[in-house]
Amino acid sequence: MTAPPWFSPAVIEALRAARHVAVLTGAGISAESGIPTFREALTGLWATYDAEELATAEGFARQPRVVWQWYESRRAAIRAAQPNAGHRALAALADLVPRLTLVTQNVDGLHRRAGSPDVIELHGNILRSRCSREGIVMEAGSTSESPPPCARCGAPLRPDVVWFGEILPAAALVAAEAAAAACDVFLSVGTSNIVYPAAGLPWSAAARGAPVLVVNTTAEGQPRGPNIHFALGPAGAVLPALLAAAWPRA
Ligand code: OAD
């Protein structure tokens, strides 16, 4: 049996008193749903697959069928996956604090399926497609071998996700930065915190003095500083324990 996670009393106090909590999640929160992360040494997607070929507009232009099929296989895995206790704890947190801003780098839609309202998706959503020429979002639906043509202009559809070298959806980024700049507590959950601009959000909160709680299976590579606290362990165990520690009677 593993020991229950320890939480800094300062974080628990700040959570109870918080008017606005901001949360940033990454691939680690969906790991317990069976969806691989990106950067873990043996199991991460980028350990096996070439991000340059599969997650750039240039790679898509070179090999549209290969890229489309890779995303189709990820879509199938995501559709078959279920939200886990970590996603559900964040959905419950929305009812425990006056205001919660949930920002995710994940494209899997599992926060919404767990019941979180108003999820800010910084990197898009893999279950949607959009026209690679005009950007119009279309229903994915298709399981074809190659990218289906846009119904309007005939250009190939692509997954509605942000690829390397592309800018993030402006409204999502503005809302995420505003939350980091105004929140009373910031939770950084299951992210390696190295892909910017998302990785700048916890820094921005900590720099103003808001406590940041990093929930991760490892502290390696994570930001360090006076306002940065850690709760190490799988998000599916740590987040329910965090809620139980802060609101024992909820
Ligand atoms: P990474 O794969 O970089 O990091 C996943 C993090 O989750 C690591 O720090 C792990 O230690 C941690 N982790 C693994 N299992 C966990 C668990 N059960 N509970 C808590 N933490 C756990 O994924 P991201 O940080 O999300 O972008 O990567 C950021 C972006 O880089 C992604 O959105 C994607 C990727 O390339 C694009 O595709 C644009």
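**View 1. α8 (110-114) and β3 (119-121) at the largest cavity of the predicted model.** Each of these two elements supplies at least two residues of the lining of the largest cavity; helices (H or I, at least four residues) and strands (E, at least two) are DSSP runs, numbered from the N terminus. The largest share, three residues, comes from α8. The lining consists of T104, N106, D108, G109, L110, H111, R112, V119 and E121. By class, this lining has two nonpolar, four polar and three charged residues, where Ala, Val, Leu, Ile, Met, Phe, Trp, Tyr, Cys and Pro count as nonpolar, Asp, Glu, Lys and Arg as charged, and the others, Gly among them, as polar. The volume of the largest cavity is about 30 Å³, and the structure holds one cavity of 30 Å³ or more. On a 1 Å grid over the protein atoms alone, a cavity is a set of points where a 1.4 Å probe fits but cannot get out, a pocket is an open set with protein on both sides within 12 Å along at least five of seven lines, and lining residues have an atom within 4 Å of a point. Grid points are joined across faces, edges and corners, and a volume is the space filled by probe spheres set on the points.

The model is predicted: local features need pLDDT of at least 70, side-chain atom pairs count only at pLDDT 80 or more, and totals for chains, interfaces and linings use all residues. Residues are numbered from 1 along each chain as its sequence is written, and side-chain values use heavy atoms, with hydrogens and water left out.

**View 2. The largest pocket.** Its volume is about 1,000 Å³. Of its 46 lining residues, A27, T37, F38, R39 and S192 lie nearest the centre. Two or more lining residues come from each of α2 (28-31), α3 (45-48), α6 (64-80) and β8 (212-216). The lining divides into 22 nonpolar, 17 polar and seven charged residues. Domain 1 (1-35 + 81-123 + 167-250) and domain 2 (36-80 + 127-161) both contribute to the lining, so the largest pocket lies between them; the bounds come from an automatic or database domain assignment.

View 3. A polar side-chain atom of T191 lies 2.7 Å from a ligand oxygen atom. Backbone N or O atoms also lie at such distances from an oxygen atom of the ligand: 2.8 Å for A27 and 3.2 Å for G190. The protein covers 93% of the 790 Å² of accessible area that the ligand has on its own (Shrake-Rupley method, 1.4 Å probe).

Notes:
Polar contact = N/O pair within 3.5 Å; in protein donor to acceptor, adjacent residues only side chain to side chain.
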